[in-house]
Amino acid sequence: MRKIVLICAAGMSTSLLVTKMRNAAAEEGYECEIDAYPMAEAATAVEGADIVLLGPQVRFNLEKVRSLASCPVEPIEMSAYGRMDGEAILEFVQEVLDD
Amino acid sequence: MEEQTKKSPMEAFTDLMMKFSGPVAKFAELPAIQAVQNGLIAVMPLIIIGSLFLIIALLGTDAIGGVVLLPFISPFTEKLLVMNSLTMSFLSAYCAVAIPMSYAEKLGENQKTCGVLGLAIFFVFTLNGVVDGQISVTAFSATGLFAVIISSLLGVRLYKLVTDRNITIKMPESVPPAIGNAFTSLIPFAVVLTVCWFIRTLLDFDLVAFLTTALTPLVSAADNMGVYVLDRTVSALLWSVGLHGDNMWTTPIFQPFTLMWTEENAAAMAAGQALPHIWTNSGIDRISTWPALVWPLIFLMVTSKVKYLRTLGWACLPAAVFTIVEPVIFGLPVALNPFLIIPFIIIALVSAVFSYGFFALGLCAKFFVTMPWATPPFILGPLGTGDFRALIVTAGCFIIGLLIYIPFWRMFEKHLLEEEEKKAAKKAARKAAREAAKLQGDAASGIEAK
């Protein structure tokens, strides 16, 4: 069971992506828990996460979130984010986590 | 080779923006700045609740549009205003707890302890005693906001300084931690509060009054077209390279001011006075920026000749109504798109001049309350100002955006169509080649079979 945490400014736009990613995960039977949080809650949100993904618009916070989290922290690729391509982003997660 | 020369101005621009955004991001990441920001976020629900009560209360008076819209509310106006004055108008008192708590979180100190300390700092540092069972609540309102920000940040800093030096009373291990902690913070609390008391009561220095006379005229002067247009343009520049301009630039720098201005407008409205400010929190900016910068793009997408743009436009529409624009910014994309970032920045500038000018000329009543930022602009405007002419601001911004985008959009669309044609041509060529190969193969196998 993997815990995937998405972070953007207010947790709004990444929450749009969460649904897409959950669907993609359900389709291929990848067991994971995916949630979106605002940057303000980053410190508590990263607890217990296996991977943290940052919305490209808040990627200037990358170093800060890396210092908070003990797992990989990666920015989401701009065009995949724009297309809200849950599948591609899930694939990226699996690549990073070697699943 | 040709590709590279085409790309280079874009890359130069990105590099420039990244160089600029570095220090901005560093500023926004300072623990003290983040603490103020997170503290303000925490009190936002109270400000919005106060705003709603104020709107309802005013519907029972003739303050909105000169007519009593809901006469049955009139008898309760005073009672409804009580809620407003205890929530929205006590902005600084709530910040006095929320900011020290979020600063404590940033500094790795105990939040509960620092929340209590913050409230004590607020009382000792702003009030000079209780007279006849009454206290002055001047500092509770936006008037005290800057004093609260300064005193709570410095107070928590001093607390940490004393604690880090281990100037505390330590209890033996047999004492339960809850009791032990109370004693641990005894000396640091005493130091911080004595300093506050010394300044406020012994020296009789009133920071709230001092800042009001020294700083307020300066701060209030920041609510002008120049600063507003600069803010909108810089924010758009950051968005144009795909960074959250409002989050990394506007909020850390301007939110304390805009919140203060909102509360000052609300108080003036409740008192039946003229509203002092045009620029408020989630006000003019939210009814103009995205209707000018993103809504025209949605319109152009859904009416485009390119099928993929139509699909994308419809997909982006629902979120964009609530001014959630990331799908458009990254999906179209606008960010780093050589065709669109030039009009994007020009529109940000022009629409800011237009909307600020509209309010400055008195063509629309000013915002006196704040609403959640994702409220659709066509609801936010009339509700927040009590004036239907706020719709003209939103519509005007949309039209300005559309007119400026169109020539650039034509180029962008043409480019996409050409790309599509090229792709289609390549695909057709590949298909033809495959078929030819197949025919040849068939012929060859036919010969072999013979």
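Select chain B and look at its contacts: of those with a sequence separation of 6 or more, 71% are between residues 24 or more positions apart. Two residues count as in contact if their C-beta atoms, placed from the backbone, lie within 7 Å. This is a predicted model, in which local features need pLDDT of at least 70 and side-chain atom pairs count only at pLDDT 80 or more, while totals for chains, interfaces and linings use all residues. Residues are numbered from 1 along each chain as its sequence is written, and chains are lettered from A and ligands numbered from 1 in the order in which they are written.

Stay on chain B and switch to a cartoon view. Its secondary structure consists of 19 helices and zero strands; helices (H or I, at least four residues) and strands (E, at least two) are DSSP runs, numbered from the N terminus. Chain B is more spread out than a compact globule, because its radius of gyration is 29 Å, well over the 22 Å that the globule rule gives for 450 residues. That radius is taken over C-alpha atoms, and the rule is 2.2 Å times the number of residues to the power 0.38. The C-alpha trace spans about 115 × 65 × 40 Å along its principal axes. Of the 450 residues in chain B, 42% are buried. A residue is buried if 20 or more other C-beta atoms lie within 10 Å of its own, exposed if 12 or fewer, and partly exposed in between, with C-beta atoms placed from the backbone.

Next, colour residues 32-214 and 231-425 of chain B separately; these are domain 1 and domain 2, with bounds from an automatic or database domain assignment. Their C-alpha centres lie 34 Å apart. The contact between them takes 22 residues from domain 1 and 19 residues from domain 2. On the domain 1 side, the elements that give two or more residues are helix H2 (31-59), H3 and helix H6 (145-164) of chain B. H2(B) provides the largest share of that side, ten residues.

Zoom in on B:Thr77, which sits in helix H3 (residues 77-87) of chain B. Is B:Thr77 buried or partly exposed? It is partly exposed, because 17 other C-beta atoms lie within 10 Å. Leaving out residues up to four places away in sequence, B:Thr77 touches B:Ala57, B:Gly60 and B:Thr61.

Now move to where the chains meet. Here 18 residues of chain A are in contact with 21 residues of chain B. On the chain A side, helix H1 (13-28) and helix H4 (78-82) of chain A are the elements that give two or more residues. H4(A) gives the largest share of that side, four residues.

Finish in chain A with strand E3 (residues 51-54). A:Ile51 and A:Leu53 point one way from E3(A), A:Val52 and A:Leu54 the other way, and all are buried. Strand E1 (residues 2-8) of chain A runs parallel to E3(A) and is joined to it by four bridges; two strands pair if DSSP finds at least two bridges between them. A:Ile7 has A:Leu54 as its bridge partner in E3(A). Strand E4 (residues 73-75) of chain A is also parallel to E3(A), with three bridges, and A:Pro75 in E4(A) stands opposite A:Leu54.
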